[in-house]
Amino acid sequence: MNHLLRSLAPISDTGWKLLDEEARERLTPALAARRLVDFSGPHGWEHSATNLGRTTPLASAPCDGVSGVQRRVLPLIEIRADFELSRTELRDADRGAEDADLEPLDKAAHQIAVAENKAVFHGWHGAMTGIEEATPHSPIPLGDTPDDYPRPVAAAIERLLGLGVSGPYGLALGGEQYRQVAEGAEHGGYPLLDHLRKILEGPIVWAPGVGGALVLSLRGGDFLFESGQDISLGYDNHDGDVVRLYLQESFSFRVATPEAAVMLSA
Amino acid sequence: MGFDQYHEPPEELPPATRTFARLCASLTEEAEAIGWYEQRIAVETDPEALAVMRDAQGEEFKHFSMDLEFLLRRAPAWREIAHGVLFQTGDIVEHGEEAEAETLEAGGADETAEDGSLGIRSLKGARR
């Protein structure tokens, strides 16, 4: 048994399988950052920091004749979303009920995805520098309607090319912007999504939690997500009515090439 | 160059399945190479050539083992059955039957990754 304590939960093997599948289904479409940045790991729950290869000089030394530096590391952060499920619903699922109420799990999965997206794209004050904070580029206005989007996307790519940042490029669209684009506006006879894909030569990603949009290079080596424990379902406690579970992960994120992304402001 | 490791249209396969298929193809190639070296060593009489080929075959043992370990980490049911078969003494077939029955009768190995996570990892290149 590991730190997730799953075997202590009053949940059958069938129940765990159902919960794991439900969590995967909910998380996978919403984890936008993992579709666009480099992913390393998972390195395990015990993995606590990312090596930066940097040092800080130390002002003093234990004795004369020596000098010292201190290694700098980037600590991983942990995010956790707690929720509780009805034991009656889980018992019904064991009996074969196809419509077990797993809404609290769905909500927690969405919250974890939003937190990960926000941390990577916008940053987490005091814990992590996101792409928006790191990029030296001033944001380009997206425009009022989705039909305006190709112009700022092309302008962002031109900026990246001008700095020698090669493609392909990806576009992360915040929830509202994605909805508007997906509603099927046309641009020059092309559905807007297809038109944008041709400009980018890369994917357009639904990024819940992101405000506005972001164009970034997918060539690799620029944006580095390091996973400690990948997203996991763990057990906390239970009583006669509910079982309390959580979704959790640990990770760090760092920007190696700040100029390889451009924000598009809504 | 062909892409024979894919049995289904590659563009319809998720990246994790394509990686799995590549490593399966690599495993096959390493096994073939081990077999070829075994035959060459059996007929070679020059001691120096034999030493070179034994060293080369050792490399293939290593490659095969790394491919296998990768695949077992990605396929929990395979790993569980392999646990019951590999590095055991006694009747191989018997161990195989027992391991298969234990794994499959238990409803298959848990699909969670070895670390207990949901095994989502990178989604770069994944379809929605």
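## A walk through a two-chain model

Pro168(A) sits in the loop that links H6 and E6 of chain A. Let us start from this spot, keeping in mind that the model is predicted. A cis peptide bond joins Gly167(A) to Pro168(A), and its omega is about 0°. There is another cis bond to look for in chain A: the one between Gly41(A) and Pro42(A), with an omega of about 5°. To find Pro42(A), go to the loop between strand E1 (38–40) and strand E2 (49–57) of chain A. Most peptide bonds are trans, and most residues other than glycine have a negative phi. Keep that second point in mind for later.

Now step back and look at chain A as a whole. How many helices and strands does chain A have? The count is 8 helices and 14 strands. The C-alpha trace of chain A spans about 75 × 60 × 25 Å along its principal axes. Of its 266 residues, 41% count as buried. If you take the contacts in chain A with a separation of 6 or more, 77% of them are between residues 24 or more positions apart.

Next, find the open sheet in chain A. Five strands build this sheet, in the order E5-E14-E10-E6-E9, and the pairing is mixed. Strands of a sheet pair through backbone hydrogen bonds, either parallel or antiparallel. Which strands lie at the edges? They are strand E5 (140–141) and strand E9 (204–207) of chain A, each of which pairs on one side only. E5(A) runs parallel to strand E14 (residues 261–265) of chain A, and 2 bridges join the two. You can pick out a pair by eye: Pro141(A) has Ser265(A) in E14(A) as its bridge partner.

The axes of helix H6 (residues 150–162) and helix H8 (residues 192–200) of chain A come within 10 Å and cross at roughly 10°. H6(A) and H8(A) are therefore roughly parallel to each other. From H6(A), the residues in this contact are Pro150(A), Val153(A), Ala154(A) and Ile157(A). From H8(A), they are His195(A), Leu196(A), Ile199(A) and Leu200(A). Sorted by class, the contact of H6(A) with H8(A) has 7 nonpolar residues, 1 polar residue and no charged ones.

Which of its residues are buried? They are Gln177(A), Tyr178(A) and Val181(A). These residues lie on the same side of H7(A), because they cover an arc of only 100° around the axis. Among the elements that cover the buried residues of H7(A) are E6, H8, E9 and strand E10 (213–217) of chain A.

Glu201(A), in the loop between H8 and E9 of chain A, has a phi near 60°, a positive value in a residue other than glycine. Is Glu201(A) buried or exposed? It counts as exposed because it has 12 C-beta neighbours inside 10 Å, and a residue with 12 or fewer is classed that way.

Chain B holds 128 residues, and buried ones make up 9% of them. Among its contacts between residues at least 6 apart in sequence, 43% join residues at least 24 apart. Chain B also has a residue with a positive phi: Phe87(B), at about 60°, although it is not a glycine. Phe87(B) is placed in the loop between helix H3 (76–85) and helix H4 (92–105) of chain B. With 6 C-beta neighbours inside 10 Å, Phe87(B) counts as exposed.

Finally, see where the two chains meet. Chain A puts 22 residues into the contact, and chain B puts in 16 residues. Helix H1 (13–30), helix H2 (33–36) and strand E12 (232–238) of chain A each supply at least two residues of the side that touches chain B. Which element gives the most to this side of chain A? That is H1(A), with 8 residues. By class, the side of chain A that touches chain B has 9 nonpolar, 5 polar and 8 charged residues.

Key
Residues are numbered from 1 along each chain as its sequence is written. Chains are lettered from A and ligands numbered from 1 in the order in which they are written. This is a predicted model: local features need pLDDT of at least 70, side-chain atom pairs count only at pLDDT 80 or more; totals for chains, interfaces and linings use all residues. Two residues are in contact if their C-beta atoms, placed from the backbone, lie within 7 Å. Helices (H or I, at least four residues) and strands (E, at least two) are DSSP runs, numbered from the N terminus. Ala, Val, Leu, Ile, Met, Phe, Trp, Tyr, Cys and Pro count as nonpolar, Asp, Glu, Lys and Arg as charged, and the others, Gly among them, as polar. Axes are lines fitted to C-alpha atoms, for helices over the stretch in contact, and angles run from 0 to 180 degrees between N-to-C directions. Angles under 35 degrees count as roughly parallel, over 145 as roughly antiparallel, 65 to 115 as roughly perpendicular and the rest as oblique. Two strands pair if DSSP finds at least two bridges between them. A residue is buried if 20 or more other C-beta atoms lie within 10 Å of its own, exposed if 12 or fewer, and partly exposed in between; C-beta atoms are placed from the backbone. The arc is that of the directions from the helix axis to the C-beta atoms.
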